[in-house]
Amino acid sequence: MSDNEIRTYDVVVVGAGPVGENVADRTRAAGLSTVIVESELVGGECSYWACEPSKALLRPALLHAEAARFPGVETAVTGPLDARAVLKHRDRMAADWNDRGQVEWLESAGIALIRGHGSLDGVRQVTVRTPDGCTVRLRARHAVAICTGTRAALPPIPGLDTVRPWASREAASAREVPGRLAILGAGVVAVEMATAWRALGAEVILIARESRLLGRVESFAADLVADRLRAAGVDMRFGSSIVTAERAGGPDDSVHVSLDDGTRIVVDELLLATGRAPRTDDIGLETVGLTSGQWLATDDAFTVTAVEDDWLYAVGDVNRRALLTHQGKYQARIAGAVIAARASGRELDMSPWGRHTGTADLVAVPQVVFTDPEIAAVGLTTEDAARAGRTVDVVDYDISRVAGALQHDPDYRGRARLVIDPERGVILGATFVGAGVAELLHSATIAIVAEITLDRLWHAVPSFPTISEVWLRLLETYRDQSAES
């Protein structure tokens, strides 16, 4: 590969995670020559440091916890998890951090790959610095798609540069179970990693500046997760923050953490689960009039609104609409179709997309928190509705009263909530917490996105005995509440 080589493609995609791969797949399938640029592993954060490895750690933990509570099975669960076997399973699910399979897929789809760090270098131009020190200059005839995602946002804690703290990547890919682990944070990464590493044998201290866990979900769901974490032995300290942290070094190499209440704790590792920041600080945004390090605002076609001529797209986490892999892939399907249409000289008819684009990735965003118990939520919470000034009805149901839940766990603890627009008779939000509720989520998402009325939902009959029967019970409860009022 020669230095300063110039190559021209119809589409240049920067970032080969699931989002970038899907954009490239759609544009290539439409007949556009497409190149994808990746500085790390093809497959991105989700495949190697987030979704896949973290869920591989969590599934054995959740299965073990459920089995230990189930009559006739609990006596067979005679010991702790085999941490070495779980970590080996995690490695396999992360493809041992080898992207050969993903590269082979790109080749089969006819998508070119250039390894290296890609950055914008003017309108429709990307410069790639390759691992061997060469420079490749790319020119896009039609579009450049920025799919660089996010990185961990670390707080300004004195001494942090000496601590070598874990962020989400290190937490999901650690080679050994730490004896003692402190976690700063109260969000999804914090609670999922507390669940996983505690089940694998670590002593876990969770330090939260907030007054409760998971501030974006219904409080009743977060409270059930907190109860289970406490029962599992997680030490949770709410309303606390870290003042200083330092690593001792030497044979011990422990981390000494000071809290704002004067408490000092000593742990083996410190995980900072304190949010995400866009990976846009070194991709040449300034060459097209944007600010380095900013989130990239887009319209519903995922075109960057601050750049003229509709050639620059920002897809996935980098646009901050919904920081979830499945949402980024949804956006990628739309962006790919838009790019292909515009390349052929026409605007895509957004009627099948546009009506629900804002709903799908701004309002009706489904997410599962893989804790014990699981939380599955989509759409508005009661707090969301209150902040928006919306008049809503709220209906709750104890999932343990459903026969299918008792088949799942005789001591089942769980709850379901629907947030309802009383004028239109449609669901605006749904939250389920309990074992096995993740599989309820897609039905709720369909109901919200399709705006199915409650009158129609009466005729969607759930199977008996399954947890999905909670849908019928929610409708019955709402009917009774309405009759009383």
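Biologist: Which are helix 1 and helix 5 to each other, roughly parallel or roughly antiparallel?

Modeller: In this predicted model local features need pLDDT of at least 70, side-chain atom pairs count only at pLDDT 80 or more, and totals for chains, interfaces and linings use all residues. Residues are numbered from 1 along each chain as its sequence is written, and side-chain values use heavy atoms, without hydrogens or water. Helix 1 (residues 18–29) and helix 5 (residues 100–109) pack at about 15 degrees with axes 10 Å apart, where axes are lines fitted to C-alpha atoms, for helices over the stretch in contact, and angles run from 0 to 180 degrees between N-to-C directions. Angles under 35 degrees count as roughly parallel, over 145 as roughly antiparallel, 65 to 115 as roughly perpendicular and the rest as oblique, so helix 1 and helix 5 are roughly parallel.

Biologist: How many residues in the contact of helix 1 with helix 5 are charged?

Modeller: Helices (H or I, at least four residues) and strands (E, at least two) are DSSP runs, numbered from the N terminus, and contact means heavy atoms within 4.5 Å. Glu21, Asp25 and Arg28 of helix 1 meet Gln102, Trp105 and Ala109 of helix 5. Ala, Val, Leu, Ile, Met, Phe, Trp, Tyr, Cys and Pro count as nonpolar, Asp, Glu, Lys and Arg as charged, and the others, Gly among them, as polar. By that division the contact of helix 1 with helix 5 has two nonpolar residues and one polar, and the number of charged ones is three.

Biologist: What is the orientation of helix 3 and helix 7 to each other?

Modeller: The axes of helix 3 (residues 51–69) and helix 7 (residues 188–199) come within 9 Å and cross at roughly 60 degrees. Helix 3 and helix 7 are therefore oblique.

Biologist: How many residues of the contact of helix 3 with helix 7 are nonpolar?

Modeller: Helix 3 contributes Ser54, Lys55, Leu57, Leu58, Ala61 and Leu62, while helix 7 contributes Glu192, Met193, Thr195, Ala196, Trp197 and Ala199. In this contact of helix 3 with helix 7, two residues are polar, two are charged, and the number of nonpolar ones is eight.

Biologist: Which cysteine is joined to Cys46 by a disulfide?

Modeller: A disulfide is a pair of cysteine sulfur atoms within 2.5 Å, and the count comes to one. The link is left-handed, with -130 degrees about the S-S bond of Cys46 and Cys51. At an S to S distance of 2.4 Å, Cys46 is joined to Cys51.

Biologist: Is Asp161 buried or exposed?

Modeller: Asp161 sits in the loop between strand 7 (150–152) and helix 6 (168–173). With a relative accessibility of 71%, Asp161 counts as exposed.

Biologist: What separates the C-alpha atoms of Arg175 and Ile36 in space?

Modeller: Arg175 belongs to the loop between helix 6 and strand 8 (180–184) and is exposed at 55% relative accessible area. Leaving aside neighbours within four places in sequence, Arg175 is in contact with Leu87, Arg90, Asp91 and Trp97. Arg175 and Ile36 are 139 residues apart in sequence, and their C-alpha to C-alpha separation is 31 Å.

How values were computed. Buried < 20%, exposed > 50% of the residue type's maximum accessible area, 1.4 Å probe, protein only.
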